[in-house]
Amino acid sequence: MRLLIALGAVLVTMVTPAAAAWEPTKQIEFVVPAGTGGGADQMARLIHGIAEKHKLTPRPIVVVNKSGGAGAEGFLHVKGKKGDAHTIIITLSNLFTTPLHTGVPFNWKDLTPIARLALDQFILWVNAETPYKTAKEYLDAVKVKPAQFKMGGTGSAQEDQIITILVEQALGVKFTYVPFKGGGEVCVNLVGKHIDSTVNNPIECVSHWKANRVRPLAVFDIARIPEPEWKNVPTVKEALGVDLNYLMLRGIFGAPDMPKDAVEWYVGFLKKVTDTPEWKRYVEEGALKPAFTSGAEYTKWVEENEKLHRELMAKGGLLKK
């Protein structure tokens with residue numbers, strides 16, 4: 001009898017199914033801490049579209065823009081959802097710049113790192129109808145008329161303004177910096193000649209470039225963009241003899257204390273997204289650097305870049321006093 005009972009217990013153990021892996025049970029709120037039309041918004045909506053097309057998630061993704069306070073609205077919103085497994089946020093380098101400049105009670109450590117998807121480059125753009133064919137021609141003109149040329153950028157004390165200040169300090173020029181809510185709005189204003197230049201991401205101006213409305217003068221990276229349509233754009237060092245480079249984060253974080261199994265699901269989900277033809281075409285056309293990573297490697301990268309931004313912003317006088 002004892003043998004039969006024991007055998008029965010073994011059989012029950014063998015046929016009992018393993019606990020199902022976690023997956024979303026309700027809609028996923030995908031927060032964009034920036035305005036519509038910019039690089040972050042475009043990427044979030046692309047992920048949404050890919051997920052729907054390829055049926056990569058059992059529940060829908062809803063993209064929500066919260067751009068107030070240079071993204072602080074979005075970060076604080078997600079910070080307030082402790083333990084929530086259904087809220088994620090796409091992050092740019094305003095993950096660092098916004099709290100460092102404003103003193104808002106937020107730090108990236110308040111969130112749960114999920115994955116870095118790519119790194120974004122920056123290009124110096126002018127309107128295609130201007131006479132400036134090279135970065136040197138444009139910067140020489142700016143030097144003659146200090147503060148009379150307008151440089152448009154996304155937000156105040158964020159990536160675009162940091163790069164603008166680095167250019168000013170390295171080349172002895174002075175711009176009037178004009179902030180906008182998103183990169184798409186920045187490029188539209190360049191097309192409309194309301195500003196004289198931008199340091200926008202490639203993806204934010206590529207459609208206007210293909211329509212011959214704007215002109216790329218130089219890329220802020222150590223090497224040229226390798227894709228065929230971009231490879232003729234020189235680096236800033238090639239164009240101006242000054243080594244200025246800056247790459248921006250395109251990463252995903254979750255709410256504070258997001259359950260580990262939920263983090264693992266999102267990492268797997270995002271890896272599937274980045275393996276699709278749509279994503280690969282988007283990266284190529286937008287001149288993004290593929291740079292998928294997660295776990296300890298992602299956390300280490302974020303730590304190092306927070307330190308870098310603190311140094312750059314201190315140099316430009318942008319830290320909260």
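A residue counts as buried when its relative accessible area is under 20%, as exposed when over 50%, and as partly exposed in between, using a 1.4 Å probe and protein chains only. With that in hand, welcome to this predicted model, in which local features need pLDDT of at least 70, side-chain atom pairs count only at pLDDT 80 or more, and totals for chains, interfaces and linings use all residues. Residues are numbered from 1 along each chain as its sequence is written, and side-chain values use heavy atoms, leaving out hydrogens and water.

**Confidence**

- The protein has a mean pLDDT (the predictor's confidence in each residue, from 0 to 100) of 92, and 94% of its residues reach 70 or more.
- Residues 1–7 stay under 50 in pLDDT and have zero contacts beyond four places in sequence, a contact being heavy atoms within 4.5 Å.
- Residues 9–17 also have pLDDT below 50, with zero contacts in the model beyond near neighbours in sequence.

**Aromatic rings**

- There are 14 aromatic pairs in the structure; rings of Phe, Tyr and Trp (its six-membered ring) pair if their centres lie within 6.5 Å, and planes under 30 degrees apart count as stacked, over 60 as edge-to-face and the rest as tilted.
- One of them joins Tyr 132 and Tyr 138 edge-to-face, at 5.3 Å centre to centre and 65° between the planes; both tyrosines are buried.
- Trp 265 and Tyr 266 also pair edge-to-face, with 5.1 Å between centres and 85° between the planes, and both residues are buried.
- Ring pairs link Trp 265 and Tyr 266 with Trp 22 and Phe 269 into a cluster.
- Lys 271 lies over the face of Phe 292, 5.9 Å from the ring centre; the criterion is NZ of Lys or CZ of Arg within 6 Å of the ring centre and within 35 degrees of the ring normal.

**Helix α8**

- Helices (H or I, at least four residues) are DSSP runs numbered from the N terminus; in α8, residues 202–210, the buried residues include Pro 202, Ile 203, Glu 204, Cys 205, Val 206 and His 208.
- Asn 212 follows α8 and has a positive phi, near 60°.

**Cavities**

- The structure holds two cavities of 30 Å³ or more; on a 1 Å grid over the protein atoms alone, a cavity is a set of points where a 1.4 Å probe fits but cannot get out, and lining residues have an atom within 4 Å of a point.
- The largest cavity has a volume of about 100 Å³, where volume is the space filled by probe spheres set on the points.
- Of its 15 lining residues, Gly 39, Leu 92, Thr 154, Gly 183 and Glu 204 are the closest to the centre of the largest cavity.
- α2 (39–53) and α6 (159–171) each supply at least two residues of this lining, and α2 gives the largest share, three residues.

How values were computed
On a 1 Å grid over the protein atoms alone, a cavity is a set of points where a 1.4 Å probe fits but cannot get out, and a pocket is an open set with protein on both sides within 12 Å along at least five of seven lines; lining residues have an atom within 4 Å of a point.
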